[in-house]
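Q: Could we go through the aromatic residues of this protein together? Please keep the answers plain.
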Amino acid sequence: MNVLQEASTFKLMLIHPPVYTVNYIGPVKVLCHKGLSCVSYSWNFNNPLKLHCASHTSKIWLCHSQDSASSENEYRSSRNIAISLIRRYRNFVERGGGDKLKEFIISGVNAYSLGCTDRGLRKELNDLKEAGVEIEAMEAYASSTGLKAKIISQDVDECIKWVSLIFITILCTPQPTIVRWSSTAPVSEEMLIKWKGFCAIIANAYFVRGMAWLPVKTLQLEQLAVMGHAEEASLVASRMRLVFTTLEVVSPQWPKT
């Protein structure tokens with residue numbers, strides 16, 4: 001992947017996303033990346049941001065991760081990034097916990113920044129699955145036993161869906177929250193059609209109304225209108241949590257206690 005090879009020549013700078021104070025004023029349409037209108041709202045920033053899409057930068061700004069395993073090596077190739085994502089996805093699904101969810105989200109945000117796409121990452125994971133490669137568990141739980149497991153199709157599908165939700169959520173934030181190294185669309189048109197309304201509703205609640213949760217039924221109705229069916233309430237709730245937490249990571253609105 002040329003983008004990743006070029007990016008690896010620069011020192012990866014680990015920082016926290018900036019914090020902005022937001023006050024709702026009135027409805028002003030904000031365009032997401034690629035001209036996609038995801039949400040209608042406006043802001044009064046203490047530190048004004050220009051709402052635009054940056055197409056190039058000479059540095060890669062990566063979100064900070066407290067996991068010591070998050071080294072530069074994880075981002076030197078699209079395959080390494082895919083492995084990092086599937087490991088963190090499994091770690092959260094198997095162990096749960098807000099910290100593990102944030103670790104997965106941070107890995108996904110960095111993948112977005114480095115120009116990865118949902119299709120590219122899916123291909124990497126499918127290639128690993130077909131080759132029978134076993135992925136080692138996160139170090140904190142593998143310890144000396146070296147726990148490993150093969151990749152299964154269900155893991156690939158759900159992991160990529162989660163990554164796509166992270167990518168689409170970033171597209172629905174004020175620009176520029178995360179600068180993307182590549183001008184290639186991060187998600188496929190099919191995935192965008194299915195999920196941009198879902199993420200936009202949550203982003204609207206987060207930025208305009210200062211909410212951190214929504215009624216599950218609201219999002220089920222959105223799914224019903226777009227996809228013709230709605231997922232189970234528990235699954236919708238987990239996806240909503242993913243989107244809200246992504247927004248907290250890339251565009252925090254409240255001071256940490």
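Q: Is F207 buried or exposed?
A: This is a predicted model. In the model, F207 is buried, because its relative accessibility is 5% and the cut-off for buried is under 20%.

Q: And which category does Y206 fall into, buried or exposed?
A: Y206 counts as buried, with 1% relative accessibility.

Q: How many aromatic pairs are there in total?
A: The count comes to seven aromatic pairs. One of them is formed by Y89 and W162, in an edge-to-face arrangement with 5.4 Å between the ring centres and 85° between the planes.

Q: Where in the chain do Y89 and W162 sit?
A: Y89 belongs to helix α2 (residues 78-95), while W162 belongs to helix α6 (residues 153-171). The two residues are 73 residues apart, and their pair links distant parts of the chain.

Q: Why does Y89 count as buried?
A: Y89 counts as buried because its relative accessibility is 8%, and the limit is under 20%. W162 is likewise buried, at 6% relative accessibility.

Q: Back to Y206 and F207: what is the geometry of their pair?
A: Y206 and F207 pair edge-to-face, with 5.0 Å from centre to centre and an angle of 85° between the planes.

Q: Which residues form the aromatic cluster with Y89?
A: Y89 forms one aromatic cluster together with F92, F104 and W162.

Q: A change of topic: which residue lies over the face of Y112?
A: That residue is R180, at 5.1 Å from the ring centre of Y112.

Key
Residues are numbered from 1 along each chain as its sequence is written. This is a predicted model: local features need pLDDT of at least 70, side-chain atom pairs count only at pLDDT 80 or more; totals for chains, interfaces and linings use all residues. Side-chain values use heavy atoms; hydrogens and water are left out. Rings of Phe, Tyr and Trp (its six-membered ring) pair if their centres lie within 6.5 Å; planes under 30 degrees apart count as stacked, over 60 as edge-to-face and the rest as tilted. Helices (H or I, at least four residues) and strands (E, at least two) are DSSP runs, numbered from the N terminus. Buried means under 20% relative accessible area, exposed over 50%, partly exposed in between (1.4 Å probe, protein chains only). A charge sits over a ring if NZ of Lys or CZ of Arg is within 6 Å of the ring centre and within 35 degrees of the ring normal.
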